[in-house]
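Good morning, colleagues. I would ask you to look at the sequence and the structure together while I speak.

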Amino acid sequence: MRGIANVTPFSGRDRARDRARPQRLKPAPAGNLLIAIALLFGLNACAGLAVPPEPQYDSLATREMVTALYDVNTDLAAAKWIGKASMTLDGRRRTLDRAVWAGAPPGRVRFDARTPFGMPVLSLACDERYLTAIVHSEGQYYRKPVGDGGIGRFFPVDISCRDLYDLMVGRPPGIEYHAAQVETSAAGEYTVRLSRRFKGTVARLWVDAPSGRLTGVERLNVHGNRRYRVWLADHQSVDGFSLPGRLELEGTEGRLVLDAQRLFPNRPVAPSAFRIRPPN
């Protein structure tokens, strides 16, 4: 008991001196250390994903060619075509001799077809959010969110409205790619292959060498199979804009041809035209 009574209490000076000494940190548990490392790498990965990698080109000429293709008619406010549409499905062809289609950025599309007697056959529209349509012969109304597919319910080629609009105005659809190279260079034509890391070829572009115009697009799915192929022809220059007057679309189910007799660039199209309301 005496030894315990003679112990000097821990004074304030001793506390200050103890705080001044370097403190030895206890090692963190291994599990916490692994979590910290994982978080660090995860944050770095997210930071890298926030900035898309710059596409690589096999030459400066290829870079300039692809850039020019995507710059075609970017100042076009809207356009309208009048002509006919033909569809081939299971070897059977149907032609709609009275068709009108229109488009506006960023991917709005309107299509109307009538019989030779003026009776409506199909009305289809896409805005930024929805695809809406009426099949008049069936009295059916459709409405669904826009997506990668779109018009495949009504046409033998399943293509999104945004892709269709880009092709209507003469430029490639918006395709994510990491590399572009000239695959072949035949007389008067280039074939440009667009590819993505880990996915391979995602599209091919055909370009007329003398004019630099886009003449064809082939888009592939994730398995490397063709989603659709489109040929652009009969370019017409109106009011300073050059637009294809003919689109030939080939899909897995059949074929769709839009053949314009007249086109009207930069004609105003009411926003309401790109959404069809249900019939009363």
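Over which residues does pLDDT stay under 50, with zero contacts beyond four places in sequence? In this predicted model, the answer is residues 36–41. Residues 45–49 also have pLDDT below 50, and this stretch likewise has zero contacts in the model beyond near neighbours in sequence. For the protein as a whole, the mean pLDDT is 84, and 81% of the residues reach 70 or more.

Let me now turn to helix 4, which comprises residues 60–70. Which of its residues are buried? They are T62, M65, V66 and L69. These four lie on the same side of helix 4, because they cover an arc of only 90° around the axis. In general, an α-helix has 3.6 residues a turn, so residues three or four places apart point the same way. On the other side of helix 4, L60 and E64 are exposed.

What covers the buried residues? The cover includes strand 1 (56–57) and strand 8 (179–186), together with strand 9 (189–196), strand 10 (200–208) and strand 11 (214–220).

Leaving aside residues up to four places away in sequence, T62 touches Y57, A180, Q181, V182 and V192. T62 and V192 are 130 residues apart along the chain, yet their C-alpha atoms are separated by 8.0 Å. Finally, the side chains of T62 and D58 are joined by a polar contact of 2.6 Å.

Key: Residues numbered from 1 in each chain as written. Predicted model: local features only at pLDDT ≥ 70, side-chain atom pairs only at ≥ 80, totals over all residues. Heavy atoms only, no water. Helix = DSSP H or I, 4+ residues; strand = E, 2+ residues; numbered from the N terminus. Contact = heavy atoms within 4.5 Å. Polar contact = N/O pair within 3.5 Å; in protein donor to acceptor, adjacent residues only side chain to side chain. pLDDT = per-residue confidence, 0-100. Buried < 20%, exposed > 50% of the residue type's maximum accessible area, 1.4 Å probe, protein only. Arc of directions from axis to C-beta.
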